Amino acid sequence: MRLTIANKNYSSWSLRPWLLLQMLGLPFEERLLPFATSTGGLAYAGRTPNGRVPCLEDGDLVVWDSLAIVEYIAELAPGAWPGDRAARAWARSACAEMHAGFGRIRDVCTMNCGLRVKVRDWSPALLAEWARMDALWCEGLQRFGGPFLAGPVFTAVDAFFAPVALRVQSYSPPLSPTAQAYAQRLLDLPPLQDWYQAALLEPWRDPAHEAEAQAAGDWLQDLRAPATPSRP
């Protein structure tokens, strides 16, 4: 299998299937195409069916969109979803909510792994979404016993919230101790640490993503390697 992803520093959508494949031990080839190499139109026009990432190729099969890729992975490795029916239904619902919602978190607390940011405006809408995130995590942990959202082992629902853990690290939103501990548990996963360290070493900067992070607030730290000129 080959998984096409974008910059590890920015691409939350790419991280989800990448991390799930890693945690399940499924072999795959990583193809990283930086945002900085794209020119006009959709970033990956002609390279993936919808001109976006991630995209998974398995022989002649092509699967795009992170949620569809996760479902395909689950056909190869049933452990991608919880074995218990109630836990599985809850996990799929939580994934769907993450996939379709949390627009203020996405807009204000954009994924930029190497930054530590003091948010300028914790608006009511933004705080409401972080409160919902906190409640969702606490519900799963309490209902299914932890240490992961749907029970004792890492599953697809944890992969879907891994980019949020990186946002927690960057923006320090107000969270309960339980939710904060869960975010740290994800951050401590060896594959997620590998992703994070690789993100810090990337030399590329994408102007649109950088502008989003600038709009969020004051940069307290930029832990990334120095930027190099974008490739054409």
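1. Let's start where helix α2 begins. Here a side-chain oxygen of Asp65 comes to within 3.0 Å of the backbone nitrogen of Leu67. Please keep in mind that this is a predicted model, so every distance and angle below is computed from its atoms.

2. Staying with α2, which spans residues 66–76, you will find that its buried residues are Ser66, Ile69, Val70, Tyr72, Ile73 and Ala74. An α-helix has 3.6 residues a turn, so residues three or four places apart point the same way. That is a handy thought when you look at the numbering of this list. The cover over the buried residues of α2 includes the strands β1 (2–5), β3 (55–58) and β4 (61–64). It also includes the helices α1 (12–24), α3 (85–100) and α6 (156–171).

3. Next, the aromatic side chains. How many aromatic pairs does the structure hold? There are 6 of them. One is formed by Trp137 and Phe161, an edge-to-face pair with 6.1 Å centre to centre and 90° between the planes. Trp137 belongs to helix α5 (residues 124–144) and Phe161 to helix α6, so this pair ties together parts that are 24 residues apart in sequence. Are these two residues buried or exposed? Trp137 is buried, at a relative accessible area of 0%, and Phe161 is likewise buried, with 0% relative accessibility.

4. With Tyr182 it makes another edge-to-face pair, 5.0 Å centre to centre and with 70° between the planes. Because Trp137 lies in helix α5 and Tyr182 in helix α7 (residues 177–187), the pair ties together parts that are 45 residues apart in sequence. Tyr182 is buried too, at a relative accessible area of 0%. Taken together, ring pairs link Trp137, Phe161 and Tyr182 into a cluster.

5. The charged end of Arg16 sits over the ring of Trp13, and the distance to the ring centre is 4.5 Å.

6. Another arginine worth a look is Arg31, found in strand β2 (residues 29–32). It counts as partly exposed, because its relative accessibility is 21% and the buried class ends under 20%. Setting aside neighbours within four places in sequence, Arg31 is in contact with Arg2, Leu3, Thr4, Ile5, Arg47 and Glu57.

7. Finally, do have a look at Ser170 in helix α6. Ser170 counts as buried, with a relative accessibility of 2%. Where does a polar atom of its side chain find backbone oxygens? The backbone oxygen of Leu115 is 2.9 Å from a polar side-chain atom of Ser170, and the backbone oxygen of Asn112 lies 3.3 Å from such an atom. Not counting residues up to four places away in sequence, Ser170 touches Asn112, Cys113, Leu115, Arg116 and Val117.

How values were computed. Residues numbered from 1 in each chain as written. Predicted model: local features only at pLDDT ≥ 70, side-chain atom pairs only at ≥ 80, totals over all residues. Heavy atoms only, no water. Buried < 20%, exposed > 50% of the residue type's maximum accessible area, 1.4 Å probe, protein only. Helix = DSSP H or I, 4+ residues; strand = E, 2+ residues; numbered from the N terminus. Contact = heavy atoms within 4.5 Å. Polar contact = N/O pair within 3.5 Å; in protein donor to acceptor, adjacent residues only side chain to side chain. Phe/Tyr/Trp six-rings, centres within 6.5 Å; stacked < 30°, edge-to-face > 60°. Lys NZ or Arg CZ within 6 Å of the ring centre and 35° of its normal.
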